[in-house]
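Please read the following report alongside the sequence and the coordinates.

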Amino acid sequence: PATVLLTSLLPESTVGLDDLLAARATDPEALTLSIVGPPGVEEFVAGIAASNTPGSSGLSAIHGLQRLSGFSVGELDGTGGTLGRGDIEIHWAALGSDPIQSIGYRFSRGETCVVVSARVFEEEALLELGADCDLWVQSATYRTSVESAIEAGASEPDRLRTIASHALAVEDLGSLASRMGIGHLILTQLSPPPVFGFQYTRIVARDFEGAASVASDGDTYTP
């Protein structure tokens, strides 16, 4: 990739970035990688790069390369803005910062658009960002399962409820998708993972007439 857009600096959003940077040490044709994310991303990426340097330098030498592939880092500070990447326009919006800054992205080309978000602490900002998009990619927690676990005797119920409250609920996605006018909802990073995808898509369908899918690794979706 030429650009990596981070929705937050939580591990669920950044896992694999260290491997990506290290792997570029063996690619003589790798272009400068642009990494964009919320405030703190510059320090975060600098830390990864510093820890990778000894091994990456060794790999570059083994592969006969003269330099490590470069990268640039951009911090998105504020409530929103626009990024240009070729013929794709990227709008970003801050989706809250309690307890960590979260960002959503809207990708537009012509009349087609896709919105991607993860942690959402301000629903109104999401509703504005994703209005009338063809695809919405979103992570969520099934809060009913959390309550079932608590009823079954799970320890630390207050902590479990707090963890669940910091993610959108599967039970609310259908209503949100309808309010945004989404065509197709893609569910990802689900907690807990469903045994069968239809378990969650049927819940979404209670309040949403569009298509809904549970994504698996390697899946491809086209607006």
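Which residue just after H3 takes a positive phi? Gly 64 does, with a phi of about 70°. The model is a predicted one, in which local features need pLDDT of at least 70 and side-chain atom pairs count only at pLDDT 80 or more, while totals for chains, interfaces and linings use all residues. Residues are numbered from 1 along each chain as its sequence is written, and side-chain values use heavy atoms, with hydrogens and water left out.

Helices (H or I, at least four residues) and strands (E, at least two) are DSSP runs numbered from the N terminus. Helix H3 covers residues 41–62, and its 22 residues should span 32 Å at 1.5 Å a residue, which agrees with the 30 Å between its end C-alpha atoms; the expected span is 1.5 Å times one less than the number of residues. At Thr 53, shortly before the proline Pro 54, H3 has a kink of about 55°, the bend being the angle between axes fitted to the seven residues ending there and the seven starting there. Among the residues of H3 that are buried are Val 41, Val 45, Ile 48 and Ala 49, where buried means under 20% relative accessible area, exposed over 50% and partly exposed in between (1.4 Å probe, protein chains only). The buried residues of H3 pack against helix H2 (17–23), strand S2 (33–37) and strand S3 (71–75), contact meaning heavy atoms within 4.5 Å.

Seven strands form an open sheet of mixed pairing, in the order S4-S5-S6-S7-S8-S9-S10, and two strands pair if DSSP finds at least two bridges between them. Strand S4 (80–85) and strand S10 (211–214) stand at the edges with a single partner strand each, so one side of each is left without a neighbour in the sheet. Strand S9 (residues 184–191) pairs with S10 in the parallel sense over four bridges, and Leu 187 stands opposite Val 214 in S10.

Trp 92 lies in strand S5 (residues 88–94). Not counting residues up to four places away in sequence, Trp 92 touches residues including Leu 76, Ile 103, Tyr 105 and Leu 129.

| Residue | Relative accessibility | Class |
|---|---|---|
| Trp 92 | 8% | buried |
| Phe 196 | 48% | partly exposed |
| Phe 198 | 41% | partly exposed |

Rings of Phe, Tyr and Trp (its six-membered ring) pair if their centres lie within 6.5 Å, and planes under 30 degrees apart count as stacked, over 60 as edge-to-face and the rest as tilted. By this rule there are three aromatic pairs. The rings of Phe 196 and Phe 198 have centres 5.6 Å apart and planes at 15°, so this pair is stacked.
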